[in-house]
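Please walk through this protein with the model open beside the text.

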Amino acid sequence: MATDLSAAFNQYFELLLADDDHLREEVFRLRYQVYVVETGFERPEEHPNGIERDAFDDRSQHYLLRHRATAAYAATARMILPDRSAPLALFPIETHCHFDEGRAVRDPQERGRLGELSRFAVSKAFKKRLGEAGSATGISDDVEMYFEPDERRILPHLSLGLFAAELRMMHTHGLTRCYAVMEPALYRLISRFGVSFQQIGPIVDYHGQRIPCLGDVNEFLPNIKRVARPVWDLMTDAGRYTCGTE
């Protein structure tokens with residue numbers, strides 16, 4: 001059972017590091033589809049040419065999740081990296097949220113190992129309610145036609161695939177802690193699998209209700225391995241990306 005989730009996920013999807021201009025443009029176009037067209041979180045007039053990006057993209061690394069059967073990009077996420085030349089440079093969470101006393105990371109040395117998990121975006125065509133699929137990704141409205149029965153079982157785990165991408169970026173850049181501003185539903189979902197992010201402030205209204213969180217790989221990775229070994233295998237690629245915790 002330990003490898004079933006990883007094997008099934010990797011059979012239908014692949015994670016791609018957006019390490020060139022073409023792939024980064026795909027990231028920004030998918031984000032436009034989700035954040036502007038599908039959710040209305042961002043204004044179209046502020047993001048011309050079907051591109052959604054912000055000032056933090058220049059200090060971020062990005063991943064895409066691609067559906068193998070159609071080559072369509074199903075989801076994307078970024079990790080905002082620390083500004084090594086200016087350790088006190090703010091992360092988005094620090095401009096939008098209030099923190100409980102003592103929960104912010106202030107020490108410059110600690111901030112050098114701190115990132116922010118950000119811009120989770122899953123195309124409506126690949127969300128669990130497949131009947132809501134649109135055509136912006138170039139996929140038929142009848143998206144069911146693309147999926148085998150086992151594939152439908154994997155769809156709700158796209159968020160775990162994005163967390164796997166975030167963990168790869170943390171591993172690559174030597175990060176051990178990360179901020180996140182999460183939807184309550186996502187927070188509950190990942191908690192079920194042992195992904196123990198800590199709430200560090202009150203819920204805020206930022207693209208909807210959001211929980212400001214802080215995660216430490218030295219806490220959540222061992223917890224995931226204990227609670228849900230198949231999820232640990234997926235997120236760490238069977239131990240390849242552990243950020244030095246083991």
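Histidine 98 is exposed, because its relative accessibility is 61% (buried means under 20% relative accessible area, exposed over 50%, partly exposed in between, with a 1.4 Å probe and protein chains only). Its place is the loop between helix H3 (93–96) and helix H4 (108–111). Helices (H or I, at least four residues) and strands (E, at least two) are DSSP runs, numbered from the N terminus. The model is predicted: local features need pLDDT of at least 70, side-chain atom pairs count only at pLDDT 80 or more, and totals for chains, interfaces and linings use all residues. Residues are numbered from 1 along each chain as its sequence is written, and side-chain values use heavy atoms, with hydrogens and water left out.

What does histidine 98 contact, leaving aside its neighbours within four places in sequence? The partners are Ile200, Gly201 and Pro202, where contact means heavy atoms within 4.5 Å. Proline 212 lies 114 residues from histidine 98 in sequence, yet their C-alpha atoms are 8.3 Å apart in space. Among contacts with a separation of 6 or more, 70% come from residues 24 or more positions apart.

Now take the protein as a whole. It has 9 helices and 8 strands. Of its 246 residues, 52% count as buried.

Turn to the strands. Strand E2 (residues 60–67) pairs with strand E3 (residues 73–80) in the antiparallel sense, over 7 bridges. Two strands pair if DSSP finds at least two bridges between them. E2 and E3 form a hairpin, with 5 residues between them. In that turn, alanine 71 has a positive phi of about 65°. Leucine 64 has threonine 76 of E3 as its bridge partner.

E3 and E4 run antiparallel and are joined by 5 bridges. How many of the 8 residues of E3 are buried? The count is 8 of the 8, so E3 is largely enclosed by the rest of the structure.

Strand E4 (residues 114–122) and strand E5 (residues 177–182) run parallel, with 4 bridges between them. Leucine 114 stands opposite arginine 177 of E5. E5 then pairs with strand E8 (residues 209–216) in the antiparallel sense, and 6 bridges join them. There, cysteine 178 has glycine 215 of E8 as its bridge partner. In a regular strand the side chains alternate between the two faces of the sheet.

Histidine 207 sits between strand E7 (204–205) and E8. Its phi is near 60°, a positive value in a residue other than glycine. Histidine 207 is buried, because its relative accessible area is 15%.

Next, helix H7 (residues 184–192). Leu186, Tyr187 and Ile190 are buried there. Seen down the axis of H7, its buried residues fall within an arc of 100°, so they line one face of the helix; the arc is that of the directions from the helix axis to the C-beta atoms. An α-helix has 3.6 residues a turn, so residues three or four places apart point the same way. The buried residues of H7 pack against E4, H6, E5, strand E6 (198–199) and E8. Arg188 and Arg192 are exposed on the other side of H7. Just after H7, glycine 194 takes a positive phi of about 90°.

Helix H6 (residues 158–173) packs against helix H9 (residues 229–236) at an angle of about 50°, with the axes 7 Å apart. Axes are lines fitted to C-alpha atoms, for helices over the stretch in contact, and angles run from 0 to 180 degrees between N-to-C directions. H6 and H9 are therefore oblique to each other (angles under 35 degrees count as roughly parallel, over 145 as roughly antiparallel, 65 to 115 as roughly perpendicular and the rest as oblique). From H6, Leu160, Phe163, Ala164 and Leu167 meet Val231, Leu234, Met235 and Thr236 of H9. The residues of this contact divide into 7 nonpolar, 1 polar and no charged (Ala, Val, Leu, Ile, Met, Phe, Trp, Tyr, Cys and Pro count as nonpolar, Asp, Glu, Lys and Arg as charged, and the others, Gly among them, as polar).

Aspartate 237 is in the segment after H9. Its phi is near 55°, again positive in a residue other than glycine. Aspartate 237 counts as partly exposed, because its relative accessibility is 32%.
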